Every structure is written in C-alpha cells, then in structure tokens.
Amino acid sequence: MKKTYKEIDGFFSFEPFYNFICKNYIKESMNIVEIGAFKGKSTSFMASYIKNFNVNFYVVDNWKGSDEHQSLGNIKNLFEEFKSNMEQCELLDVIKIVKKDSVEASALFEDNFFDFVFIDAAHDYVNVKNDINAWYPKVKKNGIIGGDDYSLECWPEVVKAADEILGNEIQQNFKPAWYCYKS
C-alpha cells in the first residue's frame, strides 16, 4: 500500500505554508528547492502536490542530521530511510536529490534559477546565515525564499540570522514559517 507524508517520521510544522505555496504559487515549469529533508515528511507533501506539474523539485541535504538530531539517536541511515520513504510514497521520480551540504549545493545552480527556495536545515546562527546568503542569489526576481522555525522561544538563532539579512522583508503569516519575495 502506498505511504503518505503523514506516515513518515519527522518534522513538518509548516504544512499551512506549503499548502499556501502549492495552491497559490506552484505552476508549470518552475524550479523549487527544499534545503533540509531529514526523512522526507515535508518533501513528500510537496512532491505529492507537484507530481502532475512540470516542476523541477530539488531536495538538498547531507543526510548526516543537524546537531539537534544527534540527540534523537537512530540517524545512522537517514539517507536510506529518506529514499525508502520516497519510494514507498511513489515519489522518487518526482524529486531530484542533491546529497551535499547546503552551501556547497547552492554552487551547483546559477543565480536567479529558483522560483521557490525553502530552508530548513541546521538551526544555528552561522549555518542559517550561510544558507540564506548562499541561496538568496539563486532566487528569481519575484520568487520566494523562506524557511522554518522562526521562533524566538525555540530557535532564536534562526530569527537572528533571518532578521539580519532580510529584516523588514520577512513575512510570517504561517508561523513558524517565514518567507519573503525577492524584489
């Protein structure tokens, strides 16, 4: 029986934001990227929606687990678990896997390539800042860059990094997700 995103272990606190993006933004011939996939819960949600569109959906992760994942244990085979989840959801052919660190992977793409970039990899200040700086140039004019965990209570370093770079441009209509349009 086909698996759905609801059956995948992991984190997906930004489902309302992805719903908004899917229903109001996704169209044919787009390039989108999700940075940080873990076991594929959010990836499978997005991939299920775009399956019938001509969309290039890149998924970037090193599948080593962020610092906060180390304490969870059982992250030894994250990449194999991710691929297995995508296969069981029948979505492996919908995504383009890039198994690299975020900043290294950004160098594979030309500037102004992506219509939508979503960052949800590491949550420390330096890595979030590096991710935003690396991926922002890759977003097309009027494209969207966003991320998860914009919460002073839980992830103050995410907020600090995003605010330093994007400041007043940040919208947060779908907490804890953040996003802005590239002008």
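**Strand pairing, helix packing and aromatic contacts**

Tyr58 has Lys96 in strand 3 as its bridge partner. The model is a predicted one, in which local features need pLDDT of at least 70, side-chain atom pairs count only at pLDDT 80 or more, and totals for chains, interfaces and linings use all residues. Residues are numbered from 1 along each chain as its sequence is written, and side-chain values use heavy atoms, with hydrogens and water left out.

The bridge between Tyr58 and Lys96 belongs to a parallel pairing in which 5 bridges join strand 2 to strand 3. Helices (H or I, at least four residues) and strands (E, at least two) are DSSP runs numbered from the N terminus, and two strands pair if DSSP finds at least two bridges between them. The pairing is part of an open sheet of 6 strands with the order 3-2-1-4-5-6 and mixed pairing. Its edge strands, each pairing on one side only, are strand 3 (95-99) and strand 6 (178-181). From one strand to the next the twist averages 15 degrees; axes are lines fitted to C-alpha atoms, for helices over the stretch in contact, and angles run from 0 to 180 degrees between N-to-C directions.

Strand 4 is mostly covered, with 6 of its 6 residues buried. Here buried means under 20% relative accessible area, exposed over 50%, and partly exposed in between (1.4 Å probe, protein chains only). Strand 4 runs parallel to strand 1, to which 4 bridges join it, and Val117 in strand 4 stands opposite Val33. Strand 4 also pairs with strand 5 in the parallel sense over 5 bridges; there, Ile119 has Gly147 in strand 5 as its bridge partner.

Helix 4 lies across strand 2 and strand 3 and runs at about 180 degrees to strand 3. Helix 6 (residues 125-135) lies across strand 1 (31-35), strand 2, strand 4, strand 5 (139-147) and strand 6, at about 175 degrees to strand 4. Helix 6 also packs with helix 7 (residues 156-166) at an angle of about 35 degrees, the axes being 8 Å apart. Lys160 lies over the face of Tyr125, at 4.6 Å from the ring centre; a charge sits over a ring if NZ of Lys or CZ of Arg is within 6 Å of the ring centre and within 35 degrees of the ring normal.

The aromatic rings give a further view of the fold. A search of the whole structure finds 32 aromatic pairs. The ring centres of Tyr58 and Phe109 lie 4.9 Å apart with the planes at 75 degrees, so this pair is edge-to-face. Rings of Phe, Tyr and Trp (its six-membered ring) pair if their centres lie within 6.5 Å; planes under 30 degrees apart count as stacked, over 60 as edge-to-face and the rest as tilted. Because Tyr58 lies in strand 2 (residues 56-61) and Phe109 in the loop between helix 5 (102-106) and strand 4 (114-119), the pair ties together parts that are 51 residues apart in sequence. Both Tyr58 and Phe109 are buried. Trp63 and Phe79 form a tilted pair, 5.0 Å centre to centre with 55 degrees between the planes. This pair links Trp63, in the loop between strand 2 and helix 3 (67-70), to Phe79 in helix 4 (residues 78-88), 16 residues apart.

Definitions and conventions: Contact = heavy atoms within 4.5 Å.
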